[in-house]
Amino acid sequence: MNNDLIRNVPLFADLAEADLAQIAGSMREESRAKGTTIHSAGEPCEDMLIVQSGFVRLLGENGVSLATLGPGSLLGEAEFLRGLDHTVSAVAVGDLTLWSLRDEALRELVKQRPRIGITLSRNFGEHVVQMEDYLVGRLAGTNLLGDLPRNVLRALARGLQPHAVAGGSLLYRTGELPVGLLMVEEGTLEIRPDQAGIEIQRLQAGAVFGVLPLLTNKTYTESAYAGGQSLVWILPAAQFHAIGSHFPALRRVLGRRVRSRLSQSDQTQAVIRLAQTSIFSQMSPENLQAIAQRLVLHHVPAGEPVYRSGEAGDALYLVDAGEAEITAENSHGIVEELALVGPGGFFGEVGLLTGKNRADDASVTRNTNLWVLYKADLDELVGLYPAIGSTLNQVVASRLSSQEESVDEAYFRRFPLLANLSSHDLKAVVHNLHPTRYRAGEQIFRAGSPGEFLYLVEEGHVRMQPLAGSNSWVLGEGEIFGEKAVLTNQLQGQSAYAETEVNLLTMGREELESLMMRMPALSISLSRLLSSRGDEHGSGAPSPAGAYAGGGRPAAEYGPAPVLSSQRRQAASQQPLVTNANRPGGGLGRLGAWFSALSLGAKLRFALFILILFYLFGVAAPSALSRMLSANEVSDGEATAISSSVRGATAAKQGGEDVLVSLQSTEGDGQLIAVAAEGVQPTATYTPFPTNTPIPSATPTETPIPTATPLPTATFVPPTPIPVVVVQQAAPAPEPEVQAASVPALPSRAWDGRLSQLGMNVADASVSPGQPFWRLIEAKWENEQESGGKHHIYIEALDEGGNRVVGAPVTIFWSGGSDSGQTEDKNPPDYAYNYPMYKAGNSYNAKIEGLPSDVMQGMGLGTPEQPLYTIHTNVKLVFQRTVAP
């Protein structure tokens with residue numbers, strides 16, 4: 001081939017003779033007869049053609065002639081160099097001679113002689129696609145990007161654009177927004193910082209730079225000049241962010257490897273923020289400025305951990321932009337959110353000041369910029385500025401002292417339960433309270449679950465929802481709930497939800513028992529709060545189950561946070577206590593006369609006080625003593641199995657009176673035992689058990705807790721005395737045969753395709769024709785934006801007609817454990833059941849009990865791009881009861 005034919009084509013201008021010869025040697029000659037179609041619109045463009053002799057006509061839509069090309073013309077070069085399909089058709093006007101350069105031939109040339117690809121890119125005005133393989137190898141050889149997967153590197157290579165910089169010219173200056181990801185191809189770049197005392201950095205071919213401003217969306221803190229004639233590859237900022245959204249590994253890898261000292265403007269802002277923190281507020285401006293100069297800017301992508309529990313506490317973190325979530329695993333193995341730290345906040349100071357390992361986990365919920373003070377820098381500062389060390393020592397001593405000795409009595413006495421305790425007793429109680437936080441809408445406990453904790457509302461509002469009714473009520477700051485189930489060892493009568501974002505203080509059963517044994521004043525205070533319910537709900541009648549201390553308010557009356565009743569506290573403190581010193585003499589007769597003279601409210605308080613004393617000294621104390629003395633103590637699991645051998649008793653509220661309901665035995669004896677709730681007159685009407693609910697076997701394995709089936713009617717029953725009745729459970733009626741022809745087809749299943757990307761799937765129930773079962777008819781996934789900060793599994797249960805099933809038992813299970821609950825009658829669009837997720841990956845499975853059920857498998861936090869990171873997402877499931885065809 002004649003090299004002059006190539007040399008005269010503008011695309012090949014400025015190529016060295018040796019490069020022209022290489023291209024000519026890679027081309028092949030082709031001939032076309034008159035009228036032959038060379039290529040058609042929409043076909044892949046696999047080669048670039050140069051016309052040597054003859055003419056080619058370009059045709060658009062409907063055969064419209066667009067142009068005629070003669071000798072020396074390029075054919076299809078734009079599509080070829082961009083890797084696109086042909087946009088027009090080409091037909092030979094007469095006999096034609098062409099030279100063809102195939103795509104694979106040019107790629108091989110660029111690998112051997114990169115200068116060819118660089119010259120073609122410069123002449124073409126953009127990066128030619130045949131440079132991809134070379135650029136992928138170039139990117140893979142850099143320290144910053146070398147560990148990225150090949151598909152990410154290829155995405156970066158496709159977006160790179162060549163940019164020539166004359167010697168001494170400015171590429172970007174201090175204060176400008178980032179132009180993109182930069183890589184030196186030829187020449188030298190000088191990076192000149194805006195701060196005095198920092199050396200100029202000279203970058204050679206292959207260096208990647210400008211990364212941190214791109215990640216943090218901050219302006220440049222230095223200027224870049226070309227040391228000589230240079231060529232720089234630029235990936236525009238918009239394309240970088242688009243690739244980062246599609247491939248989270250890009251931000252993750254760069255965020256771990258790129259960090260720098262703060263800019264002058266950030267240092268000024270840091271001094272202001274440091275002065276507002278409790279740790280550094282007493283330091284002089286000079287010391288704060290010295291600390292700000294040591295802070296390091298660190299970018300952490302969404303879902304990435306900052307540190308893990310057990311790691312060395314070697315840094316303090318201040319949030320510049322974004323949000324960090326602090327979590328810890330409680331004594332029950334459940335991960336709890338301790339705090340959300342936004343811009344201006346800080347965390348990690350305990351480990352830095354005390355040198356202890358981390359006791360919590362910290363991760364970010366969105367792309368976050370942190371200012372980090374490392375221990376090595378702090379130690380060096382203490383050596384240079386002794387006043388910093390002295391101030392921090394005082395802070396540490398003060399914190400340790402306050403944790404061990406000091407209690408803000410005024411703050412805790414706002415809780416009526418604690419208002420009348422002595423300072424010594426109050427301090428002991430406070431040290432046994434554990435802070436817990438719930439987001440709005442999260443479930444605190446379910447109706448029918450064991451009562452394990454006493455709850456005090458520190459901030460926010462909690463909604464109490466009865467199992468089978470809509471008369472919910474809201475508790476506010478200072479109020480308590482959950483104590484009835486703890487004291488009586490019964491199941492919870494209501495579900496509790498966080499109406500708003502709520503901070504609670506919790507105390508476990510054993511802690512409460514221990515404190516009540518040691519502190520009669522706490523028992524008396526709890527007794528007064530319990531008895532005050534009778535006074536507040538009229539005529540001494542028992543209050544609705546769960547109308548907790550402080551009264552509670554119906555949902556319809558929900559308003560601003562309540563103010564604690566000082567009158568109630570004062571009235572409770574003025575109630576007289578009968579002691580041996582003021583008790584009238586004369587034996588049992590005088591005691592009876594004294595008791596008869598009491599008001600109804602006083603009688604209730606006295607009765608409750610006697611019950612609590614009986615519980616303490618007749619149950620809790622002997623049990624604790626037995627555990628201490630016995631060498632063969634019963635395990636917690638066995639004790640739970642024994643104590644839960646009979647469950648399901650529930651007092652229903654009808655017409656203002658408590659009525660008799662049934663209790664299901666779990667011993668397998670097929671009996672239903674009718675019992676009367678405390679303080680309720682039995683009636684002469686026998687109410688049959690409404691449904692044949694399967695009776696779970698009494699095995700030590702974790703099974704859903706059976707709950708009392710609600711009464712079929714809400715008719716008021718007058719209080720006429722009858723004896724307690726014990727009846728045999730009726731044998732279930734045989735199911736009628738189902739004709740195959742009458743069984744409808746299975747309902748279809750709506751499936752969110754993103755669930756499959758996350759590795760989630762459904763295990764279909766194994767059923768026979770005509771057998772009823774729970775079918776999963778809808779599964780939906782919500783990402784971080786769609787979930788609105790929630791991180792739950794939501795479940796709805798429908799009957800054959802599409803109506804909600806209330807009380808359907810749900811089981812969430814995972815490797816090594818499970819949790820059970822039941823669907824509830826919540827207001828739409830809320831799902832009937834929800835369970836918070838705290839683990840990423842394919843951790844959780846879900847099914848509905850009572851019938852064979854499809855099982856939703858492999859649920860967890862995370863996204864398709866970051867499946868192993870605890871990014872808040874939701875899974876929403878709908879099960880329908882149907883019959884197998």
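**A tour of strands and helices**

Select residues 56-59 and 65-69: these are strands S4 and S5, which pair in the antiparallel sense over four bridges. Strands (E, at least two residues) and helices (H or I, at least four) are DSSP runs, numbered from the N terminus, and two strands pair if DSSP finds at least two bridges between them. The model is predicted; local features need pLDDT of at least 70, side-chain atom pairs count only at pLDDT 80 or more, and totals for chains, interfaces and linings use all residues. Residues are numbered from 1 along each chain as its sequence is written, and side-chain values use heavy atoms, with hydrogens and water left out.

Pick Leu58 next; its bridge partner in S5 is Ala67. Five residues lie between the strands of this hairpin, and Asn62 there takes a positive phi near 60 degrees.

Leu59 has Ser89 as its bridge partner in S7.

Move to helix H4 (residues 103-112) and helix H5 (residues 114-124), whose axes come within 4 Å and cross at roughly 115 degrees. Axes are lines fitted to C-alpha atoms, for helices over the stretch in contact, and angles run from 0 to 180 degrees between N-to-C directions. H4 is therefore roughly perpendicular to H5 (65 to 115 degrees counts as such). Show Leu106, Val110, Lys111 and Gln112 in H4, which meet Pro114, Gly117 and Leu120 in H5 (contact means heavy atoms within 4.5 Å).

Finish at strand S12 (residues 189-193), joined to S13 by three bridges in an antiparallel run. Ile191 has Gln201 as its bridge partner in S13.

Technical notes
Angles under 35 degrees count as roughly parallel, over 145 as roughly antiparallel, 65 to 115 as roughly perpendicular and the rest as oblique.
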